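This briefing sets out how the parts of the structure shown here are arranged and how they meet.

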2 protein chains.
Amino acid sequence: MACHVRAVSKLPEDMAGHVPTLQFSMRLLLSPVTAVTCNEQFEIIDNAAIGIENNCIAFIEKSTPELRRTFAPDETIGGEHLVALPGLVNTHTHAAMSLLRGYADDMPLEEWLHQKIWPLEAHLNPDDVFIGTQLAIAEALRGGTTCVADMYHFYESGAKAYIESGIRACPGGVLLGFLPQAQKRIANAIAFARDFRGAGDGRISPMLAPHSLYTCDKNHWRAMLDGAQGLGVGIQTHVSETRREVKDVFDSWGATPVQTLKNIGALESPLMAAHCVHLDERDFEIMQESTPIFGRTFRVLHNPTSNLKLASGFAPVTEMLRREITVGIGTDGAASNNDLDMWEEMRLAALIHKGVGNDPTAVSAREALQMATIGGARCLGLDSQIGSLEVGKRADIAILNFDAPHLQPRHNVVSHLVYAAKAGDVCATIVDGKILYRNGQLQTLDEAEIRDAAARIAERLVNAVH
Amino acid sequence: MACHVRAVSKLPEDMAGHVPTLQFSMRLLLSPVTAVTCNEQFEIIDNAAIGIENNCIAFIEKSTPELRRTFAPDETIGGEHLVALPGLVNTHTHAAMSLLRGYADDMPLEEWLHQKIWPLEAHLNPDDVFIGTQLAIAEALRGGTTCVADMYHFYESGAKAYIESGIRACPGGVLLGFLPQAQKRIANAIAFARDFRGAGDGRISPMLAPHSLYTCDKNHWRAMLDGAQGLGVGIQTHVSETRREVKDVFDSWGATPVQTLKNIGALESPLMAAHCVHLDERDFEIMQESTPIFGRTFRVLHNPTSNLKLASGFAPVTEMLRREITVGIGTDGAASNNDLDMWEEMRLAALIHKGVGNDPTAVSAREALQMATIGGARCLGLDSQIGSLEVGKRADIAILNFDAPHLQPRHNVVSHLVYAAKAGDVCATIVDGKILYRNGQLQTLDEAEIRDAAARIAERLVNAVH
């Protein structure tokens, strides 16, 4: 039942003081719980016992008195009303945009970006991003999200917030090629990825994050790709989000975004493509050739709320699943969502493709849950570590209290998780074996302090642009 | 500040014993709260005081010490973190289908109905419907829904649950014309509407509920329309939910569902039309001519989740709003949703029409909130009583705790209510001046008892069909 995890932290010296010694049980037992494993067989184990030793799952099987006695846990969490599943994986967000939540809605994309979002973002500083990221983490942990892929500015501040909070994260410095000193920014982003790889006891997996093909040019992309391949880290970018983007990329690169990515060698590294709304048949073929079952690299990050709210369209997820393309789910930033609630995204992923495809069998509850867990882990290249409840994997677990009226009667746990459960049903969130959220209380973050700080920052930002 | 409400209960003698004497403050003060009134001017009052005397709103204005002293409340609820808005109005559901939640998903409509839903429903009895309705009410009250329009079988049992719980409801006996003794069923439904009108201290407003034009024939409709007009109650029915329905109705009645309703005189009574997904230009003209601003009667009950889940399509809500047609929001039953969460419906109503219409300005947050409150009240003919926070209206109020991370910072309360708030943020639900839910505790329902009873019923039903 042992579980060995290499300590691979390469955190710079000046950050070392920020890593708290988290209080946690060395041996934590979840028993009895209904375990929705999301493993290859999609096993659901009633009356299960999940043993957690240090930061890994030591066993998961039917609960017996013998098992419970042998394991001798320091702490036990259990009850017939509890359902445990892999922590949700938010594959695409801009975490500190939580500070802009509700600042501008119901506007055309260009006006929204140019008149509202970018002017406000111009006044952000690293301390703001630290608070905004903490705010995003607080929301994530409360809702059972255990891993966040985040592309944003002042990423060192974001990473500090991730490390301190105990959550798992894939941070990347977003590059907008039109900002000054782009090559210096790229060098910094690569240095960040190198230095923070494995930080936070291995919880931090940096990525590189060129914003898109329409905001970064060939030189930017070449430098980013070389950096990613040199370090063996993945690239996250926006791909075919809007019709206009597809047209603009075609005009400047001579091919669709997906085809351009192939042409420039971007599919030789793991490529996390957010959105993928507007695709043609050749795009699909490239994505399909590049799926992990062929040892390749194209992963789709589906953001249903953001695509609706910004009127980008409906990503053809049913077709992606039919072609066995790897798909995960993301919330996008809180300025275009306006929350970071993976339960809502999962539910939407299961609903909208039925409606738009006129097919009530499209994207089943099981498929939606897989996208939000193991699918997301595959997208981030972390599926050997997280995304399912299996022996030897890191203990990233969401526990739901199934007592609420909207989860009665319990005809089907998976249906309930996707079509009825809410972030508020999460009663405990465990990351890397540590309980980070429990019964309304975050264990590593001070919510009142974050709330006050966020309010002050929001006021300052709004005053700065008025 | 007085508020006179006529007691109009015509509850049959044998039901009188079921009406509990609810404990409540004679004078309840909400202060300070942010009041989102949803009145004609859509006023939002910061630091507001809302005085509730008996079951009505006695005043709503800026909070002052003088006001608070003069009112001398028996109880005060307040805090800067509290946002009060009109209780949400669920205009279309089949409440006791909560018992079938998650029993069958991701299936084609016909197969779902014929092989799963109807066979299980055949084993329902009145006691089951009582429990199923209680389960639905528990979910509604926890999420700030204060009024429910419910069409289902064994409606006397449903009404009993509504009356006892203290919630406001518009129950109607659903008529499927192909069931035996249809005319006797119609007579019973009319007698029910007559006897229960004004029951529960005026909280019960029955309606008649022919299922649809494709399940009820001319004689059924004639009898229902005569009954409705005789009593002055409204009719609720399913209209143009699927393409197949439109075709079937055209084949048997010679016109679209909306045009047929006009042809048979159904628009001479208030007509609550659930779904309205597939409409032509003439349908729109009829709906527009019949909107309340012309003193007429066509009201649309929009059910976004159900329309997606059953792949019915997207109701053209943007166009309805442009034409000033009255639109409310409903959850439909929990077998096709799978919950009764009006926050999710409101959010979807604001999101999907942007996506499908390629217009990020479609259905603003304000419009979505209006549909879920005053719009719903208009649909049910109750807008003189509920749907907005205004002096003299019944005190049906949802109070949200805005402290959660997903509601920070508070750039825009209305945006947060629609795009970020969740049912779980509701910390108190007041109906007719009585606090029915507060901080996790329902005041008139025993959740553990309902949960156990629902589990037993579900087991019995499933065993009966296997």
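Met346(A) touches Ile329(A), Ala368(A), Leu369(A), Ala372(A) and Val418(A), leaving aside residues up to four places away in sequence. The model is a predicted one.

- Met346(A) counts as buried because 25 other C-beta atoms lie within 10 Å, where the cut-off for a buried residue is 20 or more.
- Lys116(A) stands 230 residues from Met346(A) along the chain, and the C-alpha atoms of the two are separated by 29 Å.
- Met346(A) is also listed among the residues with the most contacts inside the largest nonpolar core.

**Nonpolar cores**

- The largest nonpolar core has 162 residues, and those with the most contacts inside it are Ile50(A), Ala84(A), Leu208(A), Met346(A), Ala368(A) and Ile399(A).
- This core lies between domain 1 (21–86 + 387–442) and domain 2 (88–379) of chain A, because both domains give residues to it.
- Ala84(A) touches Leu30(A), Val33(A), Ala35(A), Ile50(A), Leu389(A), Ile397(A) and Ile399(A), again not counting residues up to four places away in sequence.
- Another core, of 161 residues, lies apart from the largest one; among its members are Ala84(B), Cys379(B), Leu382(B) and Ile435(B).

**Domains of chain A**

- The domain assignment of chain A gives domain 1 as 21–86 + 387–442 and domain 2 as 88–379.
- The C-alpha centres of domain 1 and domain 2 of chain A lie 28 Å apart.
- Contact between the two involves 25 residues of domain 1 of chain A and 30 residues of domain 2 of chain A.
- On the side of domain 1 of chain A that touches domain 2 of chain A, two or more residues each come from β5 (82–86), α16, β15 (426–431) and β16 (434–438) of chain A.
- Helix α16(A) gives the largest share of that side of domain 1 of chain A, with 5 residues.
- By class, that side of domain 1 of chain A has 17 nonpolar, 4 polar and 4 charged residues.

- Strand β15(A) is largely enclosed by the rest of the structure, because 6 of its 6 residues are buried.
- Strand β14 (residues 397–401) of chain A runs antiparallel to β15(A), and 4 bridges join the two.
- Within this pairing, Ile399(A) has Ala428(A) in β15(A) as its bridge partner.
- Strand β15(A) is also joined to β16(A) by 4 bridges, and these strands run antiparallel.
- Here the bridge partner of Ile430(A) is Ile435(A) in β16(A).
- The hairpin of β15(A) and β16(A) has 2 residues between the strands, and in this hairpin Asp432(A) takes a positive phi near 55°.

**Helix α5 of chain A**

- Helix α5 (residues 155–165) of chain A has 10 of its 11 residues buried, so it is largely enclosed by the rest of the structure.
- The buried residues of α5(A) include Tyr155(A), Lys160(A), Tyr162(A), Ile163(A) and Glu164(A).
- Just after α5(A), Gly166(A) takes a positive phi of about 95°.

**The open sheet of chain B**

- Chain B has an open sheet of 4 strands in the order β6-β7-β8-β9, with parallel pairing.
- Its edge strands are β6 (88–93) and β9 (209–210) of chain B, each of which pairs on one side only.
- Strand β7 (residues 145–152) and strand β8 (residues 168–175) of chain B run parallel and are joined by 6 bridges.
- Val148(B) stands opposite Ala169(B) in β8(B).
- Helix α5 (residues 155–165) of chain B lies across β7 and β8 of chain B, and runs at about 175° to β8(B).

**Contact between chains A and B**

- The contact takes 53 residues from chain A and 53 residues from chain B.
- On the side of chain A that touches chain B, the elements giving two or more residues are α4 (126–142), α12 (304–309), α14 (342–357), α16 (413–419) and α17 (447–465) of chain A.
- Helix α17(A) gives the largest share of that side of chain A, 5 residues.
- By class, the side of chain A that touches chain B has 23 nonpolar, 16 polar and 14 charged residues.

Methods:
Residues numbered from 1 in each chain as written. Chains lettered and ligands numbered in written order. Predicted model: local features only at pLDDT ≥ 70, side-chain atom pairs only at ≥ 80, totals over all residues. Contact = placed C-beta atoms within 7 Å. Nonpolar A, V, L, I, M, F, W, Y, C, P; charged D, E, K, R; others polar. Domains from an automatic or database assignment. Buried ≥ 20, exposed ≤ 12 C-beta atoms within 10 Å, placed from the backbone. Pairing = 2+ DSSP bridges. Axes fitted to C-alpha atoms, helices over the stretch in contact; angles between N-to-C directions. Core = buried A, V, L, I, M, F, W, Y, C linked by C-beta atoms within 7 Å.
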